[in-house]
Amino acid sequence: MFDLAQPAAAVAPQTRHQRVHGRAMVRLGEGPRAGVKDLAQAGSAKAMLPRMHGRAPEVVFLNTAGGITGGDRLSYTLEIGAGATATGTTQTAERAYRASGGVGRIDTHLALGAGAVLDWLPQELILFEGAALDRRLTVDMAEDAELVLLETLVLGRAAMGETLTRLHLSDRRQVRRGGRLDMVEAIRLGADDLVRPGSAGLNGATTLATLTLMARDATDRLDRLRGALPTDGPVRAAASAWEGRLTARFMAAQAYPLRRALARAIPVLTNRPLPRVWQI
């Protein structure tokens, strides 16, 4: 609970708001036909495993509260055993609403056993005016595992004509491969960044995405991915690769063209279809 009450003389009656707490964990077994070994969920965080009819398992996480605001806490965990292949995603875009007090938090942990393959492809995070959110993603993967990571941020609701002026976002991703720290990426955005010339260096972009592949043959896939990236039009994109890691970054002034660009690029990179819950 987070108490918004001011002194009794200023506010009567006292106002209190329920805060959202949720935790969902899925653990898949080993091998190409891996099934669910463990599933736990509590509060507003849920996990679903649709019937895939011959495709690799797909784990869909969702927040039944519909969004996150100050003081909310959500935690998601997905673990897959040795030799398993799976896709993880979210049922819809996550919404970070205006925070009247406190900071919301989303923690995600992924674990991949030896030879495992995971496509972590959550849908967008939409940041509303006044949102306050800390988000952390940590990955522990075997040396020979393969991981695809997607992160998409949407700054404001274009359909509402919203331009953000107040925002707190702290977003950190950390990957350990074979026990060593192999990637750390962090984004921090605040009100000062939003009013700087060039929109925090984004040159008018309000939708941003990073697509990362961690795999032994990541460098070998670079040319193929570059062939699927947009070269003109509303989306700007570029990719590079080194030492078992490939990263592509996307920027656009609107969310839908960027989503279309991701929908073309991801299957080229993974040789697997998009999650079924994605609406393109």
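Reader: What makes R259 count as lying over the face of W278?

Author: In this predicted model, R259 is 4.9 Å from the ring centre of W278. A charge sits over a ring if NZ of Lys or CZ of Arg is within 6 Å of the ring centre and within 35 degrees of the ring normal, so 4.9 Å meets the distance limit. Residues are numbered from 1 along each chain as its sequence is written. Local features need pLDDT of at least 70, side-chain atom pairs count only at pLDDT 80 or more, totals for chains, interfaces and linings use all residues, and side-chain values use heavy atoms, without hydrogens and water.

Reader: Why is the aromatic pair of F61 and Y76 called tilted?

Author: The structure holds 3 aromatic pairs. In the pair of F61 and Y76, the centres are 5.3 Å apart with 55° between the planes. Rings of Phe, Tyr and Trp (its six-membered ring) pair if their centres lie within 6.5 Å; planes under 30 degrees apart are stacked, over 60 edge-to-face and the rest tilted. So 5.3 Å makes a pair and 55° makes this one tilted.

Reader: What makes this pair a link between distant parts of the chain?

Author: F61 belongs to strand β6 and Y76 to strand β7 (residues 73-80), 15 residues apart. Strands here are DSSP runs (E, at least two residues), numbered from the N terminus. Ring pairs also join F61 and Y76 with W120 in a cluster.

Key: Helix = DSSP H or I, 4+ residues; strand = E, 2+ residues; numbered from the N terminus.
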